[in-house]
There are 2 protein chains.
Amino acid sequence: MFEEKTVLRIPGPTPVPPEVTRAMTHAMIGHRSGDFSSLLAEVEASLRDLFQTSGDVAVIAGTGTGGLEAAVYSMVHAGDRVLAISTGNFGDRFTEIARRTEADVISLNCEWGQPAKVEEVARILAEHSDIRVVLLTHCETSTGVLNNVQQIAHITQEYGAYLIVDAVSSFVGSPLPMDEWNVDVVVTGSQKALGLPPGLALVAMSSRAIERVKNGPAARSFYFDLKRYQKGLGDSTTPWTPPVSLIYGLRESLLMIQEEGLQQAQRRHRLLRDMTRAGIRAMGLSLVVNDEKSASDTVTTVFVPDADQVCKVMKNDLHIVVAGGQKQLSGKIIRIGHMGYVDASDMLQCLAALEIALVKTGYKMELGAGVRAAQEVYLHASNSRD
Amino acid sequence: MFEEKTVLRIPGPTPVPPEVTRAMTHAMIGHRSGDFSSLLAEVEASLRDLFQTSGDVAVIAGTGTGGLEAAVYSMVHAGDRVLAISTGNFGDRFTEIARRTEADVISLNCEWGQPAKVEEVARILAEHSDIRVVLLTHCETSTGVLNNVQQIAHITQEYGAYLIVDAVSSFVGSPLPMDEWNVDVVVTGSQKALGLPPGLALVAMSSRAIERVKNGPAARSFYFDLKRYQKGLGDSTTPWTPPVSLIYGLRESLLMIQEEGLQQAQRRHRLLRDMTRAGIRAMGLSLVVNDEKSASDTVTTVFVPDADQVCKVMKNDLHIVVAGGQKQLSGKIIRIGHMGYVDASDMLQCLAALEIALVKTGYKMELGAGVRAAQEVYLHASNSRD
C-alpha cells in the first residue's frame, strides 16, 4: 500500500513538489513555437539569477553526467593540459570524461572523506603552468564532502586556467556565486535541489567561458557541443528538441525557489544538515566528514554497523529510503539526502526511523536521543531567528 | 514554498495517495454509459466486502452529513419515535437531522469525552418500547471517543429497533462488520480513511434496512431518498449524475485497501493510535479519552496548554497540521488524525513536531521523550510480529 508513499531521503532524485508535477502536465506545445521561446526566455532569465552569472545557461536534455560531458568537451581542446581533482566516485567520473578527450590529464586523487587541499592544488598549478582547465566537484555525493570552490577558483584564476565545477548535488543548497567567485562553468542536474525528475542538465557559462566555447573548435560530441546551445539562446531556442514538460516543471521550480529566496533556501539546507549531524552524533554514530567546514549541506554520510540491513529496515518497515555507500564505502555507510523539497519535520522523521532501524539491527542506543539533539538544533536556530 | 507540502494530520480530509489522484484524472465518461455501469458494479462489489454486508451500498454525491441525512430521512418515518445518542459535536448534528423529520426524537446526551453507556441505552429502550430507530456515532470526531457499536446494536436488535451508525471517521480504521453485528445502516464519507477528496457519501443498508426503505413513504428529501439509489443499483446506475472522477478514485482506494487487507489496515490504525497515545503520555500531557477501550483508532485528542498556539507553530514552522477543539473543547485540546494513508513514520514525525511546538510555547518537557515512547510501542509490536 505504501510503495509510492516511500519518502526519498537519498541524495537525488528528490521528492517532486506537487506544484512542479502539475506544471509538467501542461499540454504539449511545439518546440519551435513562440510559446516555447517565451518559456525558455523566462527560464533562462531565472537561471542566470540562480547561478548568479551574467553569462548563459544551456538547458540540455540529459542528466548531470551529460552536462559534465558538454562542459568538458566544449571547454577542453585537443592538447590542453587539464587538472582533474577527484575526492570520490563522482570526481572519478569527471576525470574519466576528461580522459576521453585528447587532452593531457593530470589527476589529483584525494582521500575519500577529505576535501581537496587548496595548497596541493596550488602546488600542482605552480608546477604545471600550462594547465588550461581545472575540474572540481563541489559536493562529492559519494562521501558527503563539500570542496572549497571559492579558494580553488581564486588560485585557478591566478594561474589563468578555467574552472569547471560539478555542482550537480550542491546547486541551490550551498552558495556558489559563480561570477563573484570567478568560476567559469557550473554544471547541475534537475533531480537534486531543483526538485524535478531527472532528465535536464544545466550548464552555466561565464562570459569568459562563452568566449572560449565560441572561438574553440567543434566539440568532440555533436549533441553536447555548448556552442550550439549558446548560439540558440540568442533566439530563445535550443539546438535539438528540448524536453518541453521538464522545462515547464523547471519554470515552476524556479518560481518556488524565488519565492523562498535563495539565501533562505541555503539557510534551510544548512539547518537540515546541522540537525542531521547533531542527531547522528547523539546516536553515537561516526560521521564520514568530521569537519563542519567540509560537510555537505545536501547529503550527510554516516558510518553504520550493518548499513545495508539498516537501509532495508528503513525502507520496508518505515517507508523511508536512504542510500548506501558506493565503491570502497559500500556496506559501510549510509547517505542521507536533505536537498530540495525537504523541511525540518522530514529530518526528524528520518532520524526517528533510523533509530528504530538501528535498534532493530542490534545497535545499542537510547531511543529518541538523535531526535532530541536535532530538535535542540532546530529550537536554537528558531529562537535566534525569532 | 511548503504550503502544499503541509502534512494533514487532522481527522479528515486526509492525504490522498498519488495512485488515487492519478485514477481521478481518468478522462470523463458519460454516466449513463456501459463503462460507468461496469465501474459502479465493480465498486459496489468491493464496498459490500468492505462494509461486510450482503445488502446494498448507495454511492451519493455529497459529504458525510448528506449521507446521514439520506439515512435518517429514508429510515425514519413520520410519527416514529427515535433515540438519538450524542457523545459530542457530530452526535449533536445527527440529532439535529432527526429533528428535521416529523419523528418524536428522544435525545441521550452523554458527557463529552465519555462513550455512551450501554446500560443507559438499554434503560431508555426498555422505557420506550416504541422506539423504531436508534442513531449512534461510532467515532465521535470532536472528542476522540469510540462508541461500543457491537453492544448497542445487540440491545437495539433485542428491542426490534433499527440502528443507524455514523461511521464517517471510523470506517476502515475500526472494525464494524455490519451484518454480523446487526447494524442496519452505516454511513461514511470519502475524505477519511478511504483517502479520497471530500465529495462522496456512502450509505450501506442491510437487507432489513432495504426492506424498510423500499416499503416506506417517499423521503422528506428528493435528492437523498435512498429508495432511488437502492433501485438504481439493480442496473448499476445512480439516480442522479454521479461524481465520476471520485468514483474512479474510489475504485483505486478500494483496491489499495484490498491489497493491504482490511484486518491489516485495522491493525495498522490501532498501532498508530497506540504509538500516539504512548507518545502523548510520555510528554506528560493528558488524553481526553483515558480508557483504551473507548479511544478512537483514527483520532487522538489531547489536552494541551495554549492549544491554538501549538497548532499554529506546528503548521507555520513545521508544516504539520493538527486540528483544534470544537465547541466546549475549543482552545483546550488538539486533535491528531491518524487515519487512511498514514504510517508509523508519519506519527513519529508528528510527535517530534508537537514536542518542538510545546517547548516553543513554554511547556516544560524532555525533548524526544514522546518520540521514544512511540518508538518503543512500534518496536514492541514489530518484535511480536517478526
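**Entry 1: the contact between the chains**

I began with the place where the two chains meet, and I found that the contact takes 36 residues from chain A and 36 residues from chain B, two residues being in contact if their C-beta atoms, placed from the backbone, lie within 7 Å. I then looked up which elements of chain A give two or more residues to the side that touches chain B, and these are helix 1 (18-23), helix 10 (244-260), helix 12 (307-318), helix 13 (344-360) and helix 14 (369-385). Helices here are DSSP runs of H or I with at least four residues, strands are runs of E with at least two, and both are numbered from the N terminus. Helix 13 of chain A supplies the largest share of that side, 10 residues. By residue type, the side of chain A that touches chain B divides into 19 nonpolar, 6 polar and 11 charged, where Ala, Val, Leu, Ile, Met, Phe, Trp, Tyr, Cys and Pro count as nonpolar, Asp, Glu, Lys and Arg as charged, and the others, Gly among them, as polar.

I note for the record that this is a predicted model, in which local features need pLDDT of at least 70 and side-chain atom pairs count only at pLDDT 80 or more, while totals for chains, interfaces and linings use all residues. Residues are numbered from 1 along each chain as its sequence is written, and chains are lettered from A and ligands numbered from 1 in the order in which they are written.

**Entry 2: the sheet of chain B**

In chain B I traced an open sheet of 7 strands in the order 2-10-9-8-5-3-4, with mixed pairing; two strands pair if DSSP finds at least two bridges between them. Strand 2 (56-61) and strand 4 of chain B are the edge strands, each pairing on one side only. Neighbouring strands of this sheet are turned on average by 20 degrees against each other, direction ignored, with axes fitted as lines to C-alpha atoms (for helices over the stretch in contact) and angles running from 0 to 180 degrees between N-to-C directions.

I also looked at what packs on this sheet. Helix 5 (residues 118-127) of chain B touches strand 3, strand 4 and strand 5 of chain B, and its direction makes about 155 degrees with that of strand 4. Helix 9 (residues 226-233) of chain B touches strand 2 and strand 10 (200-205) of chain B, at about 115 degrees to the direction of strand 2.

**Entry 3: strand 3 of chain B**

I followed strand 3 (residues 81-86) of chain B in detail, and 5 of its 6 residues are buried, which requires 20 or more other C-beta atoms within 10 Å of a residue's own, whereas 12 or fewer make it exposed and counts in between partly exposed. Strand 3 of chain B pairs in the parallel sense with strand 4 (residues 104-109) of chain B over 6 bridges, and there B:Val105 is the bridge partner of B:Val82. From strand 3 of chain B the chain passes through helix 4 (residues 89-99) to strand 4 in a right-handed β-α-β crossover, meaning that, with the strands pointing away from the viewer, the path from the first strand over the helix to the second runs clockwise. Strand 3 of chain B also runs parallel to strand 5 (residues 131-137) of chain B, joined by 4 bridges, and B:Ala84 has B:Leu135 as its bridge partner in strand 5.

**Entry 4**

In chain A I looked up strand 5 (residues 131-137), where 6 of the 7 residues are buried. Strand 5 of chain A is parallel to strand 3 (residues 81-86) of chain A over 4 bridges, with A:Val82 opposite A:Val133, and it is parallel to strand 8 (residues 162-166) of chain A over 5 bridges, where A:Tyr162 is the bridge partner of A:Val133.

Of its 270 residues, A:Val185, A:Val203, B:Val185 and B:Val203 touch the most other members. Leaving aside neighbours within four places in sequence, the contacts of A:Val203 include A:Val57, A:Ile60, A:Val185 and A:Leu226.

**Entry 5: a loop residue**

Last, I checked B:Gln52, which lies in the loop between helix 2 (34-51) and strand 2 of chain B. B:Gln52 is partly exposed because 17 other C-beta atoms lie within 10 Å. B:Gln52 and B:Ser206 are 154 residues apart in sequence, and 9.7 Å apart in space from C-alpha to C-alpha.

Technical notes: Core = buried A, V, L, I, M, F, W, Y, C linked by C-beta atoms within 7 Å.
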